[in-house]
Amino acid sequence: MSVAAPDFLQRTGIKATFAINFPNTMADRPSLPSGILGMKCPNCRKGNMYTNKSIFPLKEMMLMPDRCPVCGQKMELEVGFYYGTGYVSYALSVGVAIFNALWFGLAVGFSWKNNSIWWYLGITVAMLLLLQPLLMRYSRVLYLYMFVKYGSSPHRPPADGQHSVE
């Protein structure tokens, strides 16, 4: 569908065509931060990466479907793929510790005299223990986002009753 060009283009004789409702525009593309924070598939940013939205029960918090229910993207690219998430989880933990150091240093300050350093360490360890399930999930999400580009997989979900063979 094309729209008539504006007056200044008609006066100059420049022919212009404007696309309306083009399906691959940036407005149709889900944003990267919302895809990561929502734990969505990196290929389509619509399908959930985890079978449970909640981290509870803790036994099932890391369960993932084999493929994205929307686009069919494989969630585990190869055997042992997620071993690399240990490095991502470590980086996220260091980020939490640095964030705590910044706010704690500004609010309280560090000193050996009033044991504030030990308070900082205690608060940081407690936060890391409480946030560990989320850090583990987000490390998988970030790791998969590093290797799968948006719209890169031509896979489609198998029809009902059919299973993909690989």
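The model is predicted, so to speak of local features a pLDDT of at least 70 is needed, side-chain atom pairs count only at pLDDT 80 or more, and totals for chains, interfaces and linings use all residues. Residues are numbered from 1 along each chain as its sequence is written, and side-chain values use heavy atoms, with hydrogens and water left out.

**Overall picture**
- The protein chain has 4 helices and 0 strands, where helices (H or I, at least four residues) and strands (E, at least two) are DSSP runs numbered from the N terminus.
- Read from the N terminus, the order of elements is α-α-α-α.
- Of the 166 residues in the protein chain, 32% count as buried; buried means under 20% relative accessible area, exposed over 50%, and partly exposed in between (1.4 Å probe, protein chains only).
- The protein chain has an accessible surface of about 11,700 Å², with 64% of it belonging to carbon and sulfur atoms; areas come from the Shrake-Rupley method with a 1.4 Å probe, and for residues only the protein chains shown count as cover.
- Among contacts (heavy atoms within 4.5 Å) with a separation of 6 or more, 58% join residues 24 or more positions apart.

**Helix α3**
- Helix α3 has 23 residues and spans 33 Å from its first C-alpha to its last, close to the 33 Å expected at 1.5 Å a residue; the expected span is 1.5 Å times one less than the number of residues.
- Its buried residues are T85, V88, S89, S93, V96, A97, N100 and F104, and their cover includes α4 (116-147).
- Just after α3, G109 takes a positive phi of about 90 degrees.

- I98 lies in helix α3 (residues 85-107).
- An α-helix has 3.6 residues a turn, so residues three or four places apart point the same way.

**Cysteines**
- The count is 0 disulfides, a disulfide being a pair of cysteine sulfur atoms within 2.5 Å.
- C44 is buried at 11% relative accessible area, and its sulfur is 3.7 Å from the closest cysteine sulfur, in C68, too far for a bond.
- C71 is buried at 5%, and its sulfur is 3.6 Å from the closest cysteine sulfur, in C41, again too far for a bond.
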